[in-house]
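I'm opening my notebook to look a few things up in a structure. I'll jot down each item as I go.

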2 protein chains.
Amino acid sequence: MAVEEKHLPVEELKESIEREDLEGVKKLIAPLHPTDVAAVLKGLEGPQVTWVFRLLKKDVASAVLLELDDRMRELLVASVSSGELAQLVGEMESDDATDIVGELPLAEANEVLAGIDKEDARKVQKLLAYPEDTAGGKMQAELVSVRETATVREAIEEVRRKSKEIDNISNVFVVDSEGRFSGSVALNKLILAEEDGPIKGITDTKAVKVTTDVDQEQVAKMFQRYDLLNMPVVDKNGRLVGRITIDDIVDVIEEEISEDFYRVASLNIGERVLDSAGRSFGMRAPWLLINLATAFIAAAVVKVFESTIGRLVILAVFMPIVAGMGGNAATQTIAVVVRGLALGELPPNSARKVLIKEVLVGLANGILTGIVAMGVSYILGANPMVGLLLFLAMMANLVIAGFSGTIIPLALKWWGADPALASSIFVTTCTDVGGFLSFLGLAAVFMRAGIL
Amino acid sequence: MAVEEKHLPVEELKESIEREDLEGVKKLIAPLHPTDVAAVLKGLEGPQVTWVFRLLKKDVASAVLLELDDRMRELLVASVSSGELAQLVGEMESDDATDIVGELPLAEANEVLAGIDKEDARKVQKLLAYPEDTAGGKMQAELVSVRETATVREAIEEVRRKSKEIDNISNVFVVDSEGRFSGSVALNKLILAEEDGPIKGITDTKAVKVTTDVDQEQVAKMFQRYDLLNMPVVDKNGRLVGRITIDDIVDVIEEEISEDFYRVASLNIGERVLDSAGRSFGMRAPWLLINLATAFIAAAVVKVFESTIGRLVILAVFMPIVAGMGGNAATQTIAVVVRGLALGELPPNSARKVLIKEVLVGLANGILTGIVAMGVSYILGANPMVGLLLFLAMMANLVIAGFSGTIIPLALKWWGADPALASSIFVTTCTDVGGFLSFLGLAAVFMRAGIL
């Protein structure tokens, strides 16, 4: 597999920095893409980072700032003056500028806005009004639009004019006399068309649009569903106010799936692998304390059967198997249901169908693994009645796993909560309690019946 | 939140189908986007699906086929003749056509290829040679390219010519006299340029390219890293053979994260929420059997301490808490490490740093949850020495969780395996064994020392 991993000159750079060799550093940095400069900076120590950052050209520094993670960006933003920051922000597109300015304390934000072009500042101020995870928060104000009455030539002229300041133009949007969005023209259609013809003749009036308040996850789904490269954003009166491009959406898609993944693992969605131990401890401890509370609930069930275990200690040997297998099966069910909900694969009236299916899968896997467990315990010399117990309890607990693993994420969704959030904690409580209760409860019944 | 969920006329359609009202069905389908037609088909029964599918226009049917899930597509492909299928495949772009033809039995694949345009068939046959999850497997052969010696006007002419058959043109690729890729020109740069000027003057010669054998995950990372909309694909001699567009990459990104998510939950990556119970059972059972084997390993540890438990049954009540908390902490660690590896956030020499950090987080959380558990057990009336045991064992097991949760995914990665694959099974085996061994082992030591 010929992966083309670029060599990043981190070590060479460190040496040049230690020699305070300004020219050497500049020469190493110059051929790099801003994304790679950001990657190189991540390998340096705090003071080195700010030192190198100050050597970058304005446009490069501006692009690098956007590629860094939150904490390094905060570090660098704090290390420059409002005036310098205004110069960097001035180089950015409005959506990126808004992200940077939105993170600043109000006083500094105002200083930066005062330092950039008036028109740009106005755009940023408008964008700041939208919540970050909505279409309004993701859109940029830079776009190419023409009136419905324009000709193809006028539209091409407009693309030419805007090309100087906007990078990724792939569409011209068409608006009516009130500024309301009426359609979209792809750039290649524009090139193809008769220059003197009306733009109306080649406008796609069915083009998908969103209003500013639509959630980013929904926007991402529309992009995927209709294979879009960009999407016009309109206000509640239908007026064109911005556009969202696919490169911003790629990050949203990644973010949304990562969130589900993290939530099922009981993690704070903000945590990163290189966070400090203290920060990670603080983010994970609350989840573990909730887990501890549920573990005591399961222990309370075992406590009820203390005398049963006292009479037959081998029960203590096998009971974790029943609880653990339930937990494993439940994790499988939760992952499938949570992904299915996220992908929109579950039609509204399919809950019963999925529930029945998961219970059946639990039953089938319970029978299979139960038989295997019974056989293995027999080979290991356990009482055959204990083997039977193991089989029955495992079957019961894998049904509990299928049932609770489906019903709990679906219930969270119905209540308007995130189906991934805390699902695994609730469900493994069910399978722990269910596992101990079925295994030890049945054992107590067997004992009373005199067959154990 | 004003989510614009389109109303899909599933019920109306069912009624029209039952009345065998051909015109009614056509009228309901006509205004729908192919993606939405596919969604509507998913709500119908088998025979209804093929009946409606046959009513669709060729170009719509072709697009719908690509939007369906694997099994519905197989159903429909099986329901049409090779000649009809050739007509549908003839409407597709080469990468999509390759996906469909690649799934057919060889004889039928050849019939379909014989039924489409010769030039198209040649393209498909070439693409079939590349593994599906590589740049070659993801690319399409349709693209716009000109020689280095061309003028801007000639390039625009070429775009016009190709626009009739290719939908999403956003770049013109430039090649040398041998067909080797030498650079790329964005469409808006082309519109902006002087028509009589040479294309060379506006060509971006630093444009990122990949060779056909690069893994799709790596391609996706490059798209994200450099915010690309499309990427040229070259053979090992540098000759331009295709291009990958971002809409194909969006699916790759989603697929790759979903894979990690599924693997950590011990699931087969092909499973979907609406799969049949039989299919799900078959895919999950092997994982559960592996889990069962590891559960018996943990049980064997408990077995060693049977007499210890026999002397003090309360140990059986608390031991699942120690094992369970270790499992929870380990899942957190695995998720963070696996995501970090996937996002490329872990520099090659950071393994030691992450390992130390995760052990420290485990220690801190072990002390915190251990103290709480000790307190709760005391309140519940347990022997204070058992509480102390609980504290010590929990501290030890959360350290084990941090250590094994880091080292196992990293080791799998070093060995060239997927770090998400089976990580959770190995790690929870460590925490189960570690939990029982530390808790019961310490109990045995305490007993021998006469303090319990």
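Predicted model: local features only at pLDDT ≥ 70, side-chain atom pairs only at ≥ 80, totals over all residues.

**Entry: what I'm looking at**

**Entry: empty space inside**

Rolling a probe the size of a water molecule over the atoms shows where empty space is left. I looked up how many cavities of 30 Å³ or more turn up, and the count is seven.

I went to the largest cavity, which has a volume of about 1,000 Å³. Its lining is made of 44 residues. Which of them lie nearest the centre of the largest cavity? They are G327(A), N328(A) and T428(A) from chain A, plus G327(B) and T428(B) from chain B.

By class, I noted 23 nonpolar, 19 polar and two charged residues in the lining of the largest cavity.

Then I turned to the second largest cavity, which holds about 60 Å³ of space. Its lining includes E358(A), V361(A), G362(A) and N365(A), and R284(B) and L288(B) are also among the lining residues. Helices α18, α19 (351-379) and α20 (384-414) of chain A each supply at least two residues here, and so does α16 of chain B. The largest share is four residues, and it comes from α19(A). I wrote down five nonpolar, five polar and two charged residues for the lining of the second largest cavity.

**Entry: T369(B)**

I picked out T369(B), which sits in helix α19 (residues 351-379) of chain B. Is T369(B) buried or exposed? It's buried, because its relative accessible area is 0%, and the cut-off for buried is under 20%.

I also looked up what T369(B) touches, skipping residues up to four places away in sequence. The list has L288(A), L289(A) and L292(A) from chain A, and M325(B), M394(B) and L398(B) from chain B.

**Entry: aromatic rings**

A pair of aromatic rings is described by the distance of the centres and the angle of the planes. I found seven aromatic pairs over all chains.

One of them is F318(A) with F296(B), an edge-to-face pair with 6.2 Å centre to centre and 70 degrees between the planes. F318(A) lies in helix α18 of chain A and F296(B) lies in helix α16 of chain B, so this pair joins two chains. F318(A) is buried at 4% relative accessible area, and F296(B) counts as buried at 11%.

I checked F173(B) and F181(B) as well: their ring centres are 6.0 Å apart and their planes are at 65 degrees, so I put them down as edge-to-face. Both F173(B) and F181(B) are buried.

**Entry: a hairpin in chain A**

I followed strand β2 (residues 171-175) of chain A to β3(A); the two run antiparallel and are joined by five bridges. What is the bridge partner of V175(A) in β3(A)? It's F181(A).

β2(A) and β3(A) form a hairpin with five residues between them. In the turn, G179(A) has a positive phi of about 85 degrees.

Conventions. Residues numbered from 1 in each chain as written. Chains lettered and ligands numbered in written order. Heavy atoms only, no water. Buried < 20%, exposed > 50% of the residue type's maximum accessible area, 1.4 Å probe, protein only. Contact = heavy atoms within 4.5 Å. 1 Å grid on protein atoms, 1.4 Å probe; cavity = no way out; pocket = protein on both sides within 12 Å on 5 of 7 lines; lining within 4 Å. Points joined across faces, edges and corners; volume = space filled by probe spheres on them. Nonpolar A, V, L, I, M, F, W, Y, C, P; charged D, E, K, R; others polar. Phe/Tyr/Trp six-rings, centres within 6.5 Å; stacked < 30°, edge-to-face > 60°. Pairing = 2+ DSSP bridges.
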